[in-house]
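Take a look at the assembly below. The paragraphs after it go through how its chains are arranged and how they meet.

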Protein chains: 10
Amino acid sequence: MEFLVEIEVRWPPNGDQAQKELLLAAEARRARELAGDGVLLRLWRVPGRWANVGLWEAPDATALHDALSSLPLYPWLDVRARPLARHPSDPHRAPS
Amino acid sequence: MEFLVEIEVRWPPNGDQAQKELLLAAEARRARELAGDGVLLRLWRVPGRWANVGLWEAPDATALHDALSSLPLYPWLDVRARPLARHPSDPHRAPS
Amino acid sequence: MEFLVEIEVRWPPNGDQAQKELLLAAEARRARELAGDGVLLRLWRVPGRWANVGLWEAPDATALHDALSSLPLYPWLDVRARPLARHPSDPHRAPS
Amino acid sequence: MEFLVEIEVRWPPNGDQAQKELLLAAEARRARELAGDGVLLRLWRVPGRWANVGLWEAPDATALHDALSSLPLYPWLDVRARPLARHPSDPHRAPS
Amino acid sequence: MEFLVEIEVRWPPNGDQAQKELLLAAEARRARELAGDGVLLRLWRVPGRWANVGLWEAPDATALHDALSSLPLYPWLDVRARPLARHPSDPHRAPS
Amino acid sequence: MEFLVEIEVRWPPNGDQAQKELLLAAEARRARELAGDGVLLRLWRVPGRWANVGLWEAPDATALHDALSSLPLYPWLDVRARPLARHPSDPHRAPS
Amino acid sequence: MEFLVEIEVRWPPNGDQAQKELLLAAEARRARELAGDGVLLRLWRVPGRWANVGLWEAPDATALHDALSSLPLYPWLDVRARPLARHPSDPHRAPS
Amino acid sequence: MEFLVEIEVRWPPNGDQAQKELLLAAEARRARELAGDGVLLRLWRVPGRWANVGLWEAPDATALHDALSSLPLYPWLDVRARPLARHPSDPHRAPS
Amino acid sequence: MEFLVEIEVRWPPNGDQAQKELLLAAEARRARELAGDGVLLRLWRVPGRWANVGLWEAPDATALHDALSSLPLYPWLDVRARPLARHPSDPHRAPS
Amino acid sequence: MEFLVEIEVRWPPNGDQAQKELLLAAEARRARELAGDGVLLRLWRVPGRWANVGLWEAPDATALHDALSSLPLYPWLDVRARPLARHPSDPHRAPS
């Protein structure tokens, strides 16, 4: 099942720069793993914000939560996840 | 450039059923054409609503408007389009 | 997977009374079927409104949409579905 | 009487880790007690957030407040409680 | 248990005047009955609106819903009910 | 003239506990005085929140402001005051 | 006591033109009377809208409601009235 | 003085097509006149909506209102005008 | 041109008391100057809040910004300014 | 492609004054560069706020993000970017 996930990072403007860079590098690694596992399908930046929109795949909301809370930046994230149903006109719709 | 487009259909509950079916069939045909042209990339239903979330590709907002306003149901649509920027951790990111 | 579904009925105050009663009876029958199928788990009224809050069970958002759109009053419903993840302190949590 | 209670935890991302773990353990114990007393009926996680949705049972709003304010994390909680009325189509509705 | 109930009347400006007057008279009669039964405790007008704020007393949300839905104008009402808990500094608080 | 006043206390979760207890005791004393003066008529807790809803009586908004800003917790309060007009169906309405 | 009153006129775009003109003329007459009575102190247009912001003077919210509901366009008005308290730096503040 | 004006057209989807085309043609003519008079400086479409964002120039809000209310579609417009102040980093800023 | 300006002061509850008193005195002095210059016409308190509503007069938004940003408390102010157009029924309307 | 970008600066009122002045000077320099590159077309102040509205030109949302995130104040900015489509009545519309 797919989810549309909007994430905003609540990092303080004057936060510790070294901690930020370590977390960013870890975040990118974890994102690659989640992509490799087929959990993170697409990811876009919201222009002008430290925020993203993502397309996620998970068996259910519990598995989605596990994936999201595995992100190193998780304590700073404001996350909003919406469930997506299949649409008969979806170009990439797999045959049922 | 990709856009995230959320569409809600404002069709009156007691609207004309024959008109509705004609429009729905035309809408599905137009969606297939837009998918074939590489404009409509993905489409999902919002569960429980006559509404969808879509991933659209267009050179700019003017071309996106032309695509959206070509939908037969356009006069009944409440559309909200957001611009998407590329994210370095996007799994499907094309090489730059 | 469980969903929290909030439904508001948009029936016009001066709407046809006979149509309303037929739809209400059909709605109650369909709700019983969905309960029998294990899809509708709980249902509450929002006091003072023609609205309800429900706990629904479905394999994914697509199956949830099919259940919700099978309600006879569906064209008049304003539906908002939220995905629910399991909580370790849920009293009714099944063993994993 | 049942209440739908939505709780968001406002814990600072860089908060004291030891205090957080003590509070979390105490919170889980108190939740078990409230479940054992028949006050906390169901609890779900909001995917991607440190937040939950719960179904609570209390004689009235005063008793509900006493239960909620007995939670060890209470000073950090943003709580929204809504009253629930019985619905004739509730599958688990007790005979009146 | 007390509830704070805010009610907005959604009557069309060009609605039938005779129907409106009949409903208003019936509404006032029903309000007096609910006051006599100790269900409607206080009622105020929101200045400049066809709207009111009321203090209602009911054993639970189900009884409150029964009282509210017994109002003749009920199909035109937009109702929002909030539960009230006892406050130790309430001047009219009965001894416990 | 009566006012409906909603108050939310913005006290930091890790605030000074001794200061908090002193302020709470002073707040309760001031509330009793305002009740004795006929300014604070009713007070309820919002279940699950450090917040209250109150019914206040004051000659005008200036006098109401003086009463509210005399509360010891005033610097921490988020206050929203709404004017209330008399309703002909108010059970406690004094004869005009 | 002064009130800040924001009024939006909900007149249908295709409404009856003759009725509209009669109401507008009556509205202007009633506004002049209320100004002459010292109830309507100032009135501004919200640019681009059929809406206004006004400064009203009334002994209390009940008298304000009587004034507002005496407007011929009242059934079409969406009104929001806020109470104003005196400010020590108000240039036009009368000596107390 | 410049204003940022956002306009949404509230035309009913099943509205009269001939009236719509006449109004659209008149609207375009009036827009050209306002552009020629230096009142309408820029105009953009909101992609996917019958809505626009515009940059308008007028001596004050009264003159802006006169310009906006001279639009043939005015009764169907939902307009929101915001005042703009000069910014020292504005590339097109005239010398003061 | 007149503007309706709503100002909320974001001063921390535990902020420095001496700094606060100095700023308040300076703010009152500056308000008197702006009143003397015919820029600040009226000022009201929002009851229960450290907030005010004001009627300001300035040639345009740039001059209004200069006046507002000259307030000593400016860095702590949350300001919302709305343009006001003349209304034909304004009691204090100067002849045009 | 043009974008309408609204920016609010979240600088703490008691923030470091020297850091603020350095950042402001750097911000103005960067704005001039972006104007020289044809990326920043227009910039206005929101009266009474440390906020601006700007008209930006960029090939797509990715390039817009690069420009916005190159601003020295970027970590303190709350940015909202909206895509703009061409309007046939835009006075400055280039021939297509």
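Through which surface do the copies, chain A and chain B, meet? Of the interface residues of chain B, 100% are also interface residues in chain A, so the copies meet through the same surface. Chain B can be laid on chain A by a turn of 180° and a shift of 0.0 Å along the axis, with an RMSD of 0.0 Å (superposed by least squares on the C-alpha atoms of residues with pLDDT of at least 70 in both). That is the relation of a two-fold axis.

This is a predicted model, in which local features need pLDDT of at least 70 and side-chain atom pairs count only at pLDDT 80 or more, while totals for chains, interfaces and linings use all residues. Residues are numbered from 1 along each chain as its sequence is written, chains are lettered from A in the order in which they are written, and side-chain values use heavy atoms, without hydrogens and water. For chain A the mean pLDDT (the predictor's confidence in each residue, from 0 to 100) is 95, and 96% of the residues reach 70 or more. The model has an ipTM of 0.93 and a pTM of 0.96.

Now to chain A and chain C. Their contact (heavy atoms within 4.5 Å) takes 12 residues from chain A and 12 residues from chain C. Between these two chains the count is 0 salt bridges (a side-chain nitrogen of Lys or Arg within 4 Å of a carboxyl oxygen of Asp or Glu).

Other chains do not touch. Chain E and chain I have their nearest C-alpha atoms 17 Å apart; for chain C and chain J, also without contact, the closest C-alpha atoms lie 26 Å apart.
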